[in-house]
Amino acid sequence: MKTKIFNINEIVRENVKGLSPYSSARDEYISDGSKMVFLDANENPYETGVNRYPDPLQRRLKEALAEKKGVPAQQILLGNGSDEVLDLIFRAFCEPKEDNVISLPPTYGMYKVLAGINNVENREVLLTKEFEPNVHGILEAVDDRSKLLFLCSPNNPTGNSFSRGFIKKLLEDFNGLVVIDEAYIDFSNEPSWINELKNYPNLIITQTLSKAYGMAGIRLGLCFASEEVIGILNKIKPPYNVNELTQQRALERVLDQEAVDMEVKNILEQREMLYKALHQMDFVEKIYPSDANFILAKVDDATKRYNQLLSEGIVIRNRTTQPLCENSLRFTVGTQEENEKLIKALQKIINA
Ligand SMILES: *Cc1c(COP(=O)(O)O)cnc(C)c1O
């Protein structure tokens with residue numbers, strides 16, 4: 001456990017400390033379903049289903065998520081995809097040109113992109129050969145302007161979950177906020193770090209409806225943290241960042257957990273099947289174990305195999321230019337029919 005007291009006021013940007021959020025008309029009075037006449041927001045009164053502004057704090061959706069995840073609603077922030085959530089975290093805590101963040105390639109590309117957009121230095125510390133965080137290297141790279149550390153677990157594109165001991169050590173020894181990106185957590189047997197929120201005031205967890213929940217098109221990102229951190233993010237988020245259609249579709253889906261579970265189960269069975277099939281291909285040199293809905297495999301010549309699959313009408317991801325991913329391809333697990341097409345194509349190109 002941390003011996004030092006973590007003080008969020010030392011982390012948050014000066015200008016953000018002083019902000020009070022934009023107060024929208026719908027913030028001031030939320031309909032409780034009673035017959036009120038709403039003449040406050042200059043909306044068109046004729047019903048289209050979406051003629052009213054959405055709830056800026058997404059209360060109904062957050063209640064459902066709070067129940068499902070076992071976290072109070074005040075510890076949840078929702079955004080227009082995790083990408084917006086991650087951007088809000090940069091904007092709240094990182095002073096452009098002064099602060100820095102730490103990310104661990106090979107990993108999700110958005111951390112670097114967002115650092116660039118926000119003019120914040122991105123210090124990269126490669127994962128080890130086992131695709132684990134290099135704890136010593138990370139703590140060496142850190143200085144007193146290091147505000148954020150991004151841990152993607154299960155990691156994209158490698159597919160593994162980081163060892164809990166390493167994550168624990170980083171939560172204890174890193175002086176900024178540790179952001180654990182759990183976009184793929186629903187495909188993993190590892191427990192979510194959400195259960196540890198009360199032990200670590202510097203922990204932020206992000207999740208998404210884009211992967212296991214099958215809703216990439218509606219753009220809904222989830223963020224779980226202490227009430228203080230969520231309060232700060234709420235101050236800077238655009239008032240209507242999650243639109244009404246997204247709130248409705250997300251709520252329906254979150255309440256239909258059985259359907260989600262069934263799809264995840266099928267995807268996991270298919271991942272196993274694909275894993276075995278890839279083993280049979282003699283140009284596949286190594287298949288990495290996966291806690292996610294994709295498989296990373298090292299092949300003889302990634303660019304050649306990628307192009308051959310393209311000409312068979314199959315699009316995968318060539319990760320060969322990523323560090324530690326030389327000649328590696330990332331295969332998303334599809335439906336049984338799609339995966340069978342992939343395997344047929346792989347068999348066809350074996351001798352090509
Ligand atoms: C796909 C993915 C996301 C999802 O981002 P959204 O903006 O919510 O769609 C987040 N993190 C990682 C590591 C991902 O691979």
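**Note on cavities and domain contacts**

1. By the rule applied here, this predicted model has 2 cavities of 30 Å³ or more.

2. Residues lining the largest cavity include Ser 153, Pro 154, Ser 161, Phe 162, Arg 164 and Ile 167. Glu 182, Ile 185, Glu 190, Pro 191 and Trp 193 also belong to the lining of the largest cavity. Sorted by class, this lining has 6 nonpolar, 2 polar and 3 charged residues.

3. Around the second largest cavity, the lining is made up of Leu 65, Lys 69, Asp 186, Gln 207, Thr 208, Leu 209, Tyr 213, Leu 222 and Val 254.

4. The chain is split into domain 1, residues 13–255, and domain 2, residues 258–349. Between the C-alpha centres of domain 1 and domain 2 the distance is 29 Å.

5. Where the domains meet, 23 residues of domain 1 are in contact with 21 residues of domain 2. About 1,700 Å² of area is buried between domain 1 and domain 2, with carbon and sulfur atoms giving 65% of that area.

6. Polar links between the domains can be listed briefly. Domain 1 and domain 2 share 1 salt bridge and 4 residue pairs in polar contact, with both residues at pLDDT 80 or more. On the side of domain 1 that touches domain 2, there are 11 nonpolar, 9 polar and 3 charged residues.

7. Arg 253 and Glu 263 form a salt bridge, in which the closest N and O atoms are 2.7 Å apart.

Notes. Residues are numbered from 1 along each chain as its sequence is written. This is a predicted model: local features need pLDDT of at least 70, side-chain atom pairs count only at pLDDT 80 or more; totals for chains, interfaces and linings use all residues. Side-chain values use heavy atoms; hydrogens and water are left out. Domain bounds come from an automatic or database domain assignment. Contact means heavy atoms within 4.5 Å. Buried area is the accessible area (1.4 Å probe) that two parts lose on being put together, summed over both. A salt bridge is a side-chain nitrogen of Lys or Arg within 4 Å of a carboxyl oxygen of Asp or Glu. A polar contact is a pair of N or O atoms within 3.5 Å; within protein, one must be able to donate a hydrogen and the other to accept it, and residues adjacent in sequence count only if both atoms are side-chain atoms. Ala, Val, Leu, Ile, Met, Phe, Trp, Tyr, Cys and Pro count as nonpolar, Asp, Glu, Lys and Arg as charged, and the others, Gly among them, as polar. On a 1 Å grid over the protein atoms alone, a cavity is a set of points where a 1.4 Å probe fits but cannot get out, and a pocket is an open set with protein on both sides within 12 Å along at least five of seven lines; lining residues have an atom within 4 Å of a point. Grid points are joined across faces, edges and corners, and a volume is the space filled by probe spheres set on the points.
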